[in-house]
Amino acid sequence: MPSHSKRGTAAAVPSAMAAPASFRWTRRVLLTLLAVFTLAPVLVMITSSLKPLRDVQQPFRWIPSGFTIRPYIDIWHTVPLGRYFINSLVVSISSTVLSVVVAILASYAVSRYRFAGRRVFTTTVLSTQMFPGILFLLPLFLLFVNIGQSTGLNLYGSRTGLILTYLTFSLPFSIWMLVGYLDSIPRDLDEAALVDGCGPVRALIQVIVPAARPGIIAVSVYSFMTAWGEVLFASVLTNEDTRTLAVGLQGYATQTDVYWNQVMAASLVVSVPVVAGFLLLQRYLVAGLTAGAVK
């Protein structure tokens, strides 16, 4: 008899805590509207990329009269999209790797050691995010040009200069986010590694880095997306040979016409790496962004 009463009480608790029907319907309606608002531009891109150019230039129709995959073939010939794709991959991956490596070392030092100026360092690192990026455009341009003239090291118009530029933007936020994540990892792991004979560097590589994998992945995704879609600095600090995808898409607009179907097709193609990476790493990304929020 007591067991039945306990089961009845346990079954009554979820029903008592269930959301009212009005709330559930309101949530469904709002989520549906949000999904439509989010997916409608994607549907426009897909349908426009499968139309001939003359159909795209006419009044928009959700269901086109005919489909063609020709824009997906022409995008590689109208502009050197393959070269832009390689430039974006090299710049984005290189800046991401450098940002993650430096952020791991810096955040480990800030999280595990107490030193003079620690609070000033963290505050300064985070305060750099308050300034708009356009303020640094002219100083970086002049700095790269002067370095090239005085040392012969060509940073302007090169992938190296763009990698260093993106590193300066992604690194402060990466350090700040990893510091919060490493603070949530118990220091007992460090002490256990030291007892087993590991030095600080070995403990970092073999113990802390595996434990901080969600946070590191979140930082990597943030750094990669920042570099992949950046337009302002890439349009000024690159030339025809080092141009990235975000800037190269402008090549589909000529003085006489705009190849809108190819623009849409190319936009979908260049979005594949970011979307695929996000879908594969989303569970690590969510864990990395939220782990340091609650202790």
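Me: In which helix is Asn261 found?
Reply: This is a predicted model, in which local features need pLDDT of at least 70, side-chain atom pairs count only at pLDDT 80 or more, and totals for chains, interfaces and linings use all residues. Residues are numbered from 1 along each chain as its sequence is written, while side-chain values use heavy atoms, with hydrogens and water left out. Taking helices (H or I, at least four residues) and strands (E, at least two) as DSSP runs numbered from the N terminus, one finds Asn261 in the run of residues 260-290, which is helix α14.

Me: Does Asn261 count as buried or exposed?
Reply: The classes rest on relative accessible area, with buried meaning under 20%, exposed over 50% and partly exposed in between (1.4 Å probe, protein chains only). Because its relative accessibility is 7%, Asn261 counts as buried.

Me: Which residue's backbone oxygen does the side chain of Asn261 reach?
Reply: Contact, meaning heavy atoms within 4.5 Å, is made by Asn261 with Ser48, Ser49, Lys51, Pro52, Leu53, Val56 and Pro71, not counting residues up to four places away in sequence. The backbone oxygen that the Asn261 side chain reaches, at 3.2 Å, belongs to Lys51.

Me: How many residues are in the largest nonpolar core?
Reply: A nonpolar core is a set of buried Ala, Val, Leu, Ile, Met, Phe, Trp, Tyr and Cys residues joined through side-chain atoms within 4.5 Å. In the largest such core, Ile104, Ile175, Leu178, Leu182, Ala212 and Ile216 touch the most other members, and the number of residues is 22.

Me: Which element gives the largest share of this core?
Reply: Two or more residues of this core are given by each of α5 (81-112), α8, α10 (200-211) and α11. The largest share, 8 residues, comes from α8.

Me: How many aromatic pairs does a search of the whole structure find?
Reply: Rings of Phe, Tyr and Trp (its six-membered ring) pair if their centres lie within 6.5 Å, and planes under 30 degrees apart count as stacked, over 60 as edge-to-face and the rest as tilted. Searched in this way, the whole structure has aromatic pairs numbering 8.

Me: What is the angle between the planes of Phe169 and Phe233?
Reply: Phe169 lies in helix α8 and Phe233 in helix α12 (residues 232-237), so the pair ties together parts that are 64 residues apart in sequence. Both Phe169 and Phe233 are buried. Their pair is tilted, with 4.8 Å centre to centre and an angle between the planes of 55 degrees.

Me: Why does the pair of Phe173 and Tyr222 count as tilted, and at what angle are the planes?
Reply: Phe173, in helix α8, and Tyr222, in helix α11 (residues 213-228), are 49 residues apart. Phe173 is partly exposed at a relative accessible area of 22%, and Tyr222 is partly exposed at 26%. The ring centres are 4.6 Å apart, and the pair is tilted because the planes are at 50 degrees.

Me: With which residue does Arg83 form a salt bridge?
Reply: A salt bridge is a side-chain nitrogen of Lys or Arg within 4 Å of a carboxyl oxygen of Asp or Glu, and by this rule the count comes to 3. The closest N and O atoms in the salt bridge of Arg83 are 3.3 Å apart, and the partner is Glu240.

Me: Which residues are linked in a network of salt bridges?
Reply: The side chains of Glu240 and Arg243 also meet in a salt bridge (3.0 Å, N to O). The network links Arg83, Glu240 and Arg243.

Note on methods: Polar contact = N/O pair within 3.5 Å; in protein donor to acceptor, adjacent residues only side chain to side chain.
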